Amino acid sequence: MTTLPDSALDPSAPSLDADAALRYRTVTRRALGRPAPGRAVAGPLAAFVLTHPLAERTVADLAAGHGPYSLVHLAQEIELHHPPRPGAPLDATAELDAVRVEPKGTRLVLTTTLADRATGAEQARLTAHILLVGIRAAEPRGTLVPMAAVRQETPGATLSSDLGIDREWIADYGHAAGDLNPVHLDTETARSAGFEDVIAHGMSLVALAVEEAAERYADGDVDRVRAIGARFARPVLPGEGTSLDLTPVADGDTVAFSVRSRGAVAVKGGWLRLAPATGAGR
């Protein structure tokens with residue numbers, strides 16, 4: 001979904017490929033048992049895919065010279081101001097807001113942004129909370145700010161969906177998203193990292209929540225999902241009984257979500273904020 005070259009370290013000009021965005025959503029929807037979308041509307045997860053290469057390089061640059069480590073994606077927030085237009089050049093930037101050394105490693109807060117190259121208008125802002133397990137020599141900076149939470153004094157009815165997460169789907173999602181970390185693709189690598197098997201991408205579970213919430217509460221229009229937050233509590237393995245719970249919140253524009261797997265919560269504290277309807281579209 002991105003034209004950011006593999007060799008780029010400085011902000012470059014990623015742009016949205018409409019066909020790749022359609023493939024990404026088609027793969028995602030398959031785990032929900034839903035057909036391919038009728039048109040190439042990218043949805044908010046495109047912003048994550050577009051900024052992911054720069055985020056990876058920023059983290060690798062900080063970790064360089066500190067020895068081996070494993071990366072744990074703890075939480076993610078995305079605020080989408082304007083859905084990216086296919087083919088429009090975008091400027092991507094990344095900044096480390098906070099670095100703190102903890103007993104298990106180094107915790108980071110990383111903010112990435114996308115801006116329209118022609119106008120300079122910010123399109124999306126993404127905040128990731130990351131733990132680099134095994135690295136304890138990074139220089140501390142900034143302040144760790146807690147993620148936003150959803151208040152649910154009078155929640156609506158919870159709707160549950162079974163998720164079809166198997167090894168083939170995890171691999172297909174990784175290729176569609178451009179995230180080929182071997183812990184998602186290779187069983188031996190995953191086991192050497194301490195997992196029983198390959199694990200689903202955390203953001204693939206968020207993508208499933210976006211798709212299902214759009215179907216249930218936004219007439220299928222994923223571009224109405226304008227903000228997302230979620231914390232990743234445990235890995236999801238293929239072949240498990242995994243389910244997604246969606247609960248509308250009383251304010252009418254927010255949907256809370258969680259993912260459960262093997263009877264435990266895998267994604268917690270999830271929330272989506274919907275923009276008002278401006279017209280039908282799938």
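Predicted model: local features only at pLDDT ≥ 70, side-chain atom pairs only at ≥ 80, totals over all residues.
1. On the α1 side, the residues in contact are Arg23, Tyr24, Val27, Thr28 and Arg30, and they meet Glu168, Trp169, Asp172, Tyr173, Ala176 and Ala177 of α3. Sorted by class, that contact holds 6 nonpolar, 1 polar and 4 charged residues.

2. Now the geometry of that pair. Helix α1 covers residues 18-30 and helix α3 covers residues 167-177; their axes come within 9 Å and cross at roughly 160°. Angles over 145 degrees count as roughly antiparallel, so α1 is roughly antiparallel to α3.

3. On to the sheet. What is the strand order? Reading across, you get β2-β3-β4-β1-β6-β9-β8-β7-β5, an open sheet of 9 strands with antiparallel pairing. At the edges sit β2 (90-102) and β5 (159-163), each of which pairs on one side only. From one strand to the next, the twist averages 20°.

4. Take a look at the β2 end. Strand β3 (residues 105-116) runs antiparallel to β2, and 12 bridges join the two. If you want a landmark there, alanine 98 stands opposite valine 109 in β3.

5. Two helices pack on this sheet. Helix α2 (residues 45-63) touches β1 (70-80), β2, β3, β4 (122-133) and β6 (225-232), and its direction makes about 135° with that of β3. Helix α5 (residues 202-217) also packs on the sheet, touching β1, β5, β6, β7, β8 and β9; its direction makes about 50° with that of β7.

6. Strand β8 deserves a point of its own. Is β8 mostly covered or mostly uncovered? Mostly covered: 7 of the 8 residues in β8 (residues 254-261) are buried.

7. What pairs with β8? One partner is strand β7 (residues 242-248), antiparallel over 7 bridges; here proline 248 has valine 255 of β8 as its bridge partner. Strand β9 (residues 264-274) also pairs with β8 in the antiparallel sense, over 7 bridges, and the bridge partner of serine 261 is alanine 264 in β9.

8. Finally, check the turn between β8 and β9. These strands form a hairpin with 2 residues between them, and arginine 262 in the turn has a positive phi of about 55°.

Technical notes
Residues numbered from 1 in each chain as written. Heavy atoms only, no water. Axes fitted to C-alpha atoms, helices over the stretch in contact; angles between N-to-C directions. Helix = DSSP H or I, 4+ residues; strand = E, 2+ residues; numbered from the N terminus. Parallel < 35°, antiparallel > 145°, perpendicular 65-115°, else oblique. Contact = heavy atoms within 4.5 Å. Nonpolar A, V, L, I, M, F, W, Y, C, P; charged D, E, K, R; others polar. Buried < 20%, exposed > 50% of the residue type's maximum accessible area, 1.4 Å probe, protein only. Pairing = 2+ DSSP bridges.
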